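Biologist: Could you walk me through this one? I am new to reading structures.
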Amino acid sequence: MDTSDVGAEVGGVVSNAGGSIVNELRKIGQTAFSQILGTHPTDQIPDKDELAEMAKKDEKFSIEEQAKIHAKIKAIYEEFEAMKKKKQQEKEAAKKVQEEEAKKLEELSEERVKEQELAVNPAIQKTKAEIKNYGAE
């Protein structure tokens, strides 16, 4: 077998395998030469297919990240609403307790006034009545 025959055979196999293998081999060659020559592989301009693939990946990534961010924002809003409701309930509970204490104090003061009225010595009660009538005579 001659070396030119091997090259032709490999070329035929590569052409039959499709353009994707050729593109990959071209990329490998470009990368190897760029490393040998000291240029950066980022200087290469991507072709139309690569740009389309990159755009699809970017769109997919954007949608996923957008969904994650929306979920985080929603969680923050829900947490804030829950905290707001909790504070409102605590406020209402404190107000109820305060009202109950005020009622109890009012009832106690009424009871004390009644007890004081009842606890007054009958002799003093008699003199109060006499004093009221003193000016009538």
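Modeller: We will go through the fold, then the surface, then the charged pairs.

Modeller: This is a predicted model, where local features need pLDDT of at least 70, side-chain atom pairs count only at pLDDT 80 or more, and totals for chains, interfaces and linings use all residues. Residues are numbered from 1 along each chain as its sequence is written, and side-chain values use heavy atoms, with hydrogens and water left out.

Biologist: OK. How many helices and strands are there?
Modeller: The protein chain has four helices and zero strands. Helices (H or I, at least four residues) and strands (E, at least two) are DSSP runs, numbered from the N terminus.

Biologist: And what share of the residues is buried?
Modeller: Buried residues make up 1% of the 137 residues in the protein chain. Buried means under 20% relative accessible area, exposed means over 50%, and partly exposed is in between (1.4 Å probe, protein chains only).

Biologist: Which residues make the nonpolar surface patch?
Modeller: I21, L25 and I28 make a nonpolar patch of about 270 Å². Patches are made of residues with over 30% relative accessible area and no salt bridge; like charges are joined within 9 Å, and nonpolar side chains (Val, Leu, Ile, Met, Phe, Trp, Tyr) within 5 Å. I21 lies in helix 2, residues 19–37, and counts as partly exposed because its relative accessibility is 38%.

Biologist: What about a negative one?
Modeller: E106, E107, E110, E111 and E115 form a negative patch. Asp and Glu count as negative, Lys and Arg as positive, and His and the chain ends are not counted. The place of a charge is taken as NZ of Lys, CZ of Arg, CG of Asp or CD of Glu. E115 lies in helix 3, residues 48–119.

Biologist: Switching topic: how many salt bridges are there?
Modeller: A search of the whole structure finds four. A salt bridge is a side-chain nitrogen of Lys or Arg within 4 Å of a carboxyl oxygen of Asp or Glu. One of them joins K27 and E24, with the closest N and O atoms 3.6 Å apart.

Biologist: Why are K27 and E24 about one helical turn apart?
Modeller: Because they are three residues apart in helix 2.

Biologist: Which residues are linked in a network?
Modeller: E24, K27 and E50 are linked by salt bridges.

Key:
Areas by Shrake-Rupley, 256 points an atom, 1.4 Å probe, with all protein chains shown as cover.
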